[in-house]
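Biologist: Could you take a close look at the aromatic ring pairs in this model, and then at what surrounds the ligand? I would like the cut-offs stated as you go.

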Amino acid sequence: MRVSRLMLVTLRDDPAEAEIPSHKLLLRAGYIRRVGSGIYAYLPLLWRVLQKISAIVREELNASGALETLLPQLQPAELWQRSGRWAGYTAGEGIMFHLEDRQGRELGLGPTHEEVITALAADLLRSYRQLPVNIYQIQTKFRDEIRPRFGLMRGREFIMKDGYSFHADEASLRETYAAMDHAYRRIFSRCGLRAVAVEADSGAIGGSASQEFMVTADAGEDLILSSPDGRYAANQERAVSLAPEAVPLPGGVRAAGEGEALSTPAHTSIEDLCAAHNLDPTQLVKVLLLLARFEDGLQQPVLVCLRGDQQLNEVKLANALTARCAAEHGVLLEIAPLTAEAAAKEGLGSIPFGFMGPHLADALLAGARSWQPRFLRLADATATALPAFVCGANAPDSHRLGAAWGSALCPAPESLDLRAAQPGDRCLHDASQRLVASRGIEVGHIFQLGRKYSEALEATFTNEAGVDEALWMGCYGIGVSRLAQAAVEQHHDANGICWPTPIAPFEVIVVIANGADPIQTALAERIYAELQAAGIDALLDDRSERAGVKFKDADLLGIPWRVVVGRGAAEQQLELVQRAGGSKQELPAAALLEALLPRLEAERNGLPTAG
Ligand code: ATP
Ligand code: MG
């Protein structure tokens, strides 16, 4: 390929729309162009990168016995209604683009394909003799993300590899899940990425075990908590840990019942309260009010108690609410803080924000117009473990000192794990290990779904004993377009991108220093032809730009190897430059292939680069 034919427009300055290095570089180097919010054109250079990533994905998945297919992106609402996900994906914060066709039938644009594939499995898979099967596709997905950002990292239209497996029993599902784990590790490593596997929340997809693959990078949206011994790593959404020990209340405090009154004028924050009364945040129980909205219209006020030093993990709370309410009230559509304004609109009296205690009475909700007139009361285990604590008195400017659970005033709420694990916390598997934080970009996610979808969509098979059972199911995703950008996030320097060779759009760029010099041009053309004949992906910069401009662009584009044909051309001399690290070597044209090929071959196989 010739640069003059590439429609290449590079930008000297960082585009205003980009915040993180990889997004800036992909725009500046002419790999992508924004078409709309979260919508990007993959220009020819990036398309080559995406094709190379896809080829690696295909090789590894095919080797594991998976089969490629292609499923429709337009999906009838009826399938999603049967699985119970239509409302959750289209109402509230739902991310499915949906539309009505000319006959008035509702359709969704596929954000994922569990429903379509399970309906097919119901149709095609009849007997245990056909199992297991594992099929995948590489295709554009559509998600109306609430905050599309960072270019290809969180797009509204993006390329995903999604795979689904069906099994006669759980053991077979576990086997395929392990095979996918293995294939994913090979895929990311062959793409030149440093990726780690972490325990993950299963989210709206559902199911039991799930694991994410994170490319470690400061710009990552996800927080990973891991133990230095390498035995534990989890997404913070899911992470568990031992909280710091609570500081006991001073000996003189009577720990019983409602405790004693503590005057706390205007001490609405934990910091103020602790400073004014010489308390430690671990001695406090704080109360959060939230409002959960469910599919059937239920608006449920939720009262959450946390120990004063702890933070709420909203994913754990959403899972707890779903477990308690979804069977009766459908999908949890939204959970948001319950504000004074919302309470006033609902016709309720004033809520003692800043001074709330666990015993905040349901009577407060008595006049509610549309909310459930009762709190759903949940508490984190670190709060319920306190024998005595300080809490709000549910009246302005006052708290209670030495309150205890179980009294009439503080009935013990349901206790569960709702706290966000934090860096520095002790680990459950070994209390001498402390969690460390790092940031990651989620590039893959594998799930053991179990029988949730097969039961909902009646996908059954006949087992060896001749009895019908629901299929066991797994699903496996890779964000192909996100992965391409994650690679840039991990591999760049001040001058531009440094693509890992296996996914670079080209392996070598031949730069003609002076395009007006016929000797340089002739030698460059010959080298370019020789490289191609040797099976090397070569790009020729044949533009009539100044040498400096071409060198800058070559750095920006990030092709792993650069061959410069300059003044030495008359003596058949070339310069070979490695993009990562910038090492340079003068050599005769006749020695180029011999010098380059072994290095390229090693790099293509994902071995560390020599030199
Ligand atoms: P996230 O938590 O980042 O929103 P997800 O957990 O919803 O992602 P999955 O349903 O697991 O995503 O999708 C499989 C893979 O697709 C993800 O691991 C990620 O790499 C990629 N992906 C998901 N959403 C997007 C998006 N909006 N843009 C680009 N890639 C995405
Ligand atoms: Mg995911």
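**Aromatic pairs and the ligand shell**

Modeller: Tyr184 and Phe188 are about one helical turn apart, because they are four residues apart in helix H6 (residues 170-190), where helices (H or I, at least four residues) and strands (E, at least two) are DSSP runs numbered from the N terminus. This is a predicted model, in which local features need pLDDT of at least 70, side-chain atom pairs count only at pLDDT 80 or more, and totals for chains, interfaces and linings use all residues. Residues are numbered from 1 along each chain as its sequence is written, chains are lettered from A and ligands numbered from 1 in the order in which they are written, and side-chain values use heavy atoms, with hydrogens and water left out.

The structure holds six aromatic pairs, and the one between Tyr184 and Phe188 is edge-to-face, at 5.9 Å centre to centre with 85° between the planes. Rings of Phe, Tyr and Trp (its six-membered ring) pair if their centres lie within 6.5 Å, and planes under 30 degrees apart count as stacked, over 60 as edge-to-face and the rest as tilted. Tyr184 is buried at 0% relative accessibility and Phe188 is buried at 1%, where buried means under 20% relative accessible area, exposed over 50% and partly exposed in between (1.4 Å probe, protein chains only). Ring pairs also join Tyr184, Phe188 and Phe213 into a cluster.

Phe389 and Trp405 form a tilted pair, because their ring centres are 4.8 Å apart and their planes lie at 40°. This pair links distant parts of the chain, with Phe389 in strand E18 (residues 389-392) and Trp405 in the loop between strand E19 (398-403) and strand E20 (414-416), 16 residues apart. Phe389 is buried at 0% relative accessibility, and Trp405 counts as buried at 16%.

A side-chain N or O atom of Arg143 is 2.9 Å from an oxygen atom of ligand 1, a polar side-chain atom of Glu145 lies 2.7 Å from a nitrogen atom of ligand 1, and one of Arg482 lies 3.0 Å from an oxygen atom of ligand 1.

Conventions:
A polar contact is a pair of N or O atoms within 3.5 Å; within protein, one must be able to donate a hydrogen and the other to accept it, and residues adjacent in sequence count only if both atoms are side-chain atoms.
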